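Thanks for coming, everyone. I have a short tour for you today. Please look at the screen while I talk.

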Amino acid sequence: MSDSVFASIVQAPEDPILGVTVAYNKDQSPVKLNLGVGAYRTEEGKPLVLNVVRKAEQMLVNDESRVKEYLPITGVADFNKLSAKLIFGADSPAIQENRVTTVQCLSGTGSLRVGGEFLAKHYHEKTIYIPLPTWGNHPKVFTLAGLSVKTYRYYDPKTRGLDFSGLLEDLQNAPSGAIVLLHACAHNPTGVDPTSDQWEQIRQLMRSKALLPFFDSAYQGFASGSLDADATPVRMFVADGGECLAAQSYAKNMGLYGERVGALSIVCKGADVASRVESQLKLVIRPMYSNPPIHGASIVAAILKDGDMYTEWTVELKAMADRIISMRHQLFEALQAKGTPGDWSHIIKQIGMFTFTGLNSDQVAFMTKEFHIYMTSDGRISMAGLSSRTIPHLANAIHAAVTKAA
Amino acid sequence: MASSLLSFGSASPLTLLDPLKVNPRVGGSNQATFLGKNFIKTKKSFTRTSMAVAVEVSKFNELTMAPPDPILGVSEAFRADTHEMKLNLGVGAYRTEDLQPYVLDVVKKAENLMLERGENKEYLPIEGLAAFNKATAELLFGVESSVLQQQRVATVQGLSGTGSLRLAAELIERYFPGAKVLISAPTWGNHKNIFNDAGVPWSEYRYYDPKTVGLDFDGMISDIKAAPAGSFVLLHGCAHNPTGIDPTPEQWEVIADVIQEKNHIPFFDVAYQGFASGSLDEDASSVRLFADRGMELLVAQSYSKNLGLYSERIGAINVVCSSSEVAQRVKSQLKRIARPMYSNPPIHGARIVANVVGSPDLFNEWKEEMALMAGRIKSVRQKLYDSITSKEKTSKDWSFILKQIGMFSFTGLNKAQSENMTSKWHVYMTKDGRISLAGLSAAKCDYLADAIIDSYHNVS
């Protein structure tokens, strides 16, 4: 057979985050632990489909009138309206003034990509500033969207907290109008969030430099357990009348991971601009996948529009968030009990699904090899993957890594 | 532009701005209005901090309103029309004789099964559901195909046809820089958008001959031959969209010959497997012809029409390579393209397909339902032809209606005539003269015949 036309194509490495699960699946050890990808697990270590989601699905399947016709390019209209209300607040003036355009997209990733491509086509500043560190997929999403990616200081390894003065300095030095990616809550991978005073300072600085905020909201309700509290930073920016983008994901807070449900909202200065922006968003989406998938968005819409189901959801969501907070405390206490060297209080100070342990890549490799613990090499662990039963094993591994490995 | 004039660069970041003392570079006139618009807001919750943005114009002010999508926009216009005789022959979505959308029985059965099983909603791998990928490749190439036996196909689940085409287009842009894609004249309207957004240059090969309302075969072969060696040739596997005109098996052999001679790479768009003739295998014969020759090729698949899964967005991109080792590498790079686009594809549609194809009973039931859908379309073609020829007594040959295949018919009506169809007769179609027979009922054939005859004869 003649040479392949694809001969020059090399094997790509596994995705660093999703690749952790691939490696975990290959491991035969009975004590293996997957703390890689941020997918919630029950105390029994099982994936969870929320009861309210099952209920909504049953309703949809039972509804004889439902069809599978193409959605509009912008997706399910109800879903879009309800998603905007969820993040901006039902009484948001921006919504009431029709200044928000919301389009259904493929979870958080898809919303970020569509937003990025839109900005690369239509916004005058093609640079986006992302925090250091950030979710591993962010730089790739924005680069392929056509933006140039720069970073701003965020995590301070010395304090295992926020490098606030570095953050302010870097944003101050950004060119006027530049786009700035902000994690709405539960920063991934560090779990370190600004305080509300710090958020206010960030807002003032950004508005004074006409920097364009682009929020990534993947954990609303998951961070503190309260949907409203977790949306506060976004609402703070919208309240000042300015413009911003927000990417929402329902992967974690509704457990709809594989359904790929999310939304991109663009808050504009006026209704007319919002309408024109929406028409241009459609031109980005049509050549990418034509129109979005119906199943997940229908589930979300059914839950958000029904008072009882919505309440049921908030209860199940809080239970997930509470279990994670409890894992944080248990891990911290276990390390205290072992007398593991170092200050581990960041485990309980950080918020959301992930803990940035501060372990280096050698220590991580050691933990994988000797203890069959799978995590990303930056030292990020998904608390959602822990249970009371497995915490001792993790504590042993951390203790060994810190006391033995370099 | 307004937004750049209103720069706040001189203000220190943490001081508050008095709107009446805003940067005097703004035209010097009354600061409270700009371009005639009063943009200093007073709100109930007015605080000093909210004044920090009171004077800014939208960053998106320069955006123009984009035109509606030429295909999907037709349905929007149809919905807005209140005329009782209105007929939607725009988008290619199957309708029953009662002109209702149709959810296949096998799909309902599969969804009920899935719910009973209570499967989880975990992320799929980037390349999609393994059971789906296996089933879709087998359906396309045939379970006995050597390309599958030798594991030479890289299959990645994509977002229906569009998403699968886009993955392939991005692969071409990255690994075949400068290579062109040849697309038929005409072709599905979104093809060029996909290649444009992926950054892949394209040019057209002759395809539709308006004189015969058939295939310009010589033109097609000539243009494929003339293209630079190593071009990608986009071919519709069956039921060409928008014309409904497919090459004959003999013509496919010649097309394959020319492509091999020029070291071009065939790139099939298969959106109607099973829908064209009613037979899954027959509709895949063009793809299998090429695969059996040992050629490398790309194939984008969609389950929107043949399983009625339009809004579930389920399809796949298949890349047939010269060896399984190459196929593995290609698959890994397709994953690298998908990850920054949407991370991993949606599960629901993939599971439905896997369940239907994976169960012998459901699979057989599917084949029956598909034969019914394809059968209904063939019968309205016949009815429309009979209706037109019984009313219209000129020597014009309308047999193309019967020769064309699949959901669409290229009527040969021009833009003005197509517009007449809509404005006078409330028949919605695309401006290129394409009608979707899937949206036609036997009951409306007479009405449509009148509209076509009128537009053809009385409008130029």
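Which side chain does B:E111 meet in a salt bridge? The partner is A:K68, with N and O 2.9 Å apart. Keep in mind that this is a predicted model.

That pair takes us to the interface. Chain A and chain B have 12 salt bridges between them. Polar contacts are counted too: 42 residue pairs across the interface, with both residues at pLDDT 80 or more.

Which elements of chain A give two or more residues to the side that touches chain B? They are α2 (51-62), α5 (107-122), α6 (138-145), α8 (196-208), α11 (271-289) and α12 (294-305) of chain A. Of these, α11(A) gives the most, with 13 residues. Sort that side of chain A by class and you get 47 nonpolar, 22 polar and 26 charged residues.

Now the area. The size of an interface is often given as the accessible area lost when the parts come together. Here, chain A and chain B bury about 8100 Å² between them. Carbon and sulfur atoms give 58% of that area. On the chain A side, A:F6, A:K68 and A:Y70 lose the most area to chain B. Together they account for 11% of what that side buries. In residues, the contact takes 95 from chain A and 92 from chain B.

A quick word on chain A from the records. An unreviewed UniProt entry lists residues 32-398 of chain A as "domain: Aminotransferase class I/classII large". Over those residues the chain is 47% helix and 15% strand. The end C-alpha atoms of that stretch are 14 Å apart.

Back to charges. Side chains of opposite charge can pair when their charged atoms come close.

Start in chain A. A:R113 forms a salt bridge with A:E117, and their closest N and O atoms are 2.9 Å apart. Both belong to helix α5 of chain A; they are four residues apart, so about one helical turn separates them. Buried or exposed? Both A:R113 and A:E117 are buried.

Next, chain B. B:K134 and B:E138 meet through their side chains, N to O at 2.9 Å. These two are also four residues apart, about one turn, in helix α4 (residues 130-141) of chain B. B:K134 has 55% relative accessibility, so it counts as exposed. B:E138 is partly exposed, at 26%.

The third one spans more of the chain. B:R293 pairs with B:D257, with the closest N and O atoms 2.8 Å apart. This pair links distant parts of the chain, 36 residues apart. B:R293 sits in the loop between α11 (285-292) and β11 (297-302) of chain B, while B:D257 is in helix α9 of chain B. Both ends are partly exposed: B:R293 has a relative accessible area of 25%, and B:D257 has 36%.

Some salt bridges share partners. A:R54, A:E57, A:E259 and B:K121 are joined that way into one network.

Let's stay with chain B and look at the whole fold. Chain B comes to 17 helices and 15 strands. Of its 460 residues, 61% count as buried. Take its contacts with a separation of 6 or more: 74% of them are between residues 24 or more positions apart.

Last stop: B:D209. You will find B:D209 in strand β7 (residues 208-209) of chain B. B:D209 has 13% relative accessibility, so it counts as buried. Leaving out residues up to four places away in sequence, B:D209 touches B:G214, B:L215 and B:D216. A polar atom of the B:D209 side chain lies 2.9 Å from the backbone nitrogen of B:K211. And how far is B:D209 from B:G219? The two are 10 residues apart in sequence, and their C-alpha atoms are 9.1 Å apart in space.

That's the tour. Thank you.

Technical notes:
Residues are numbered from 1 along each chain as its sequence is written. Chains are lettered from A and ligands numbered from 1 in the order in which they are written. This is a predicted model: local features need pLDDT of at least 70, side-chain atom pairs count only at pLDDT 80 or more; totals for chains, interfaces and linings use all residues. Side-chain values use heavy atoms; hydrogens and water are left out. UniProt positions are given in the numbering used here, feature names are shortened, and annotations may be inferred rather than shown by experiment. Contact means heavy atoms within 4.5 Å. Buried area is the accessible area (1.4 Å probe) that two parts lose on being put together, summed over both. A salt bridge is a side-chain nitrogen of Lys or Arg within 4 Å of a carboxyl oxygen of Asp or Glu. A polar contact is a pair of N or O atoms within 3.5 Å; within protein, one must be able to donate a hydrogen and the other to accept it, and residues adjacent in sequence count only if both atoms are side-chain atoms. Ala, Val, Leu, Ile, Met, Phe, Trp, Tyr, Cys and Pro count as nonpolar, Asp, Glu, Lys and Arg as charged, and the others, Gly among them, as polar. Buried means under 20% relative accessible area, exposed over 50%, partly exposed in between (1.4 Å probe, protein chains only).
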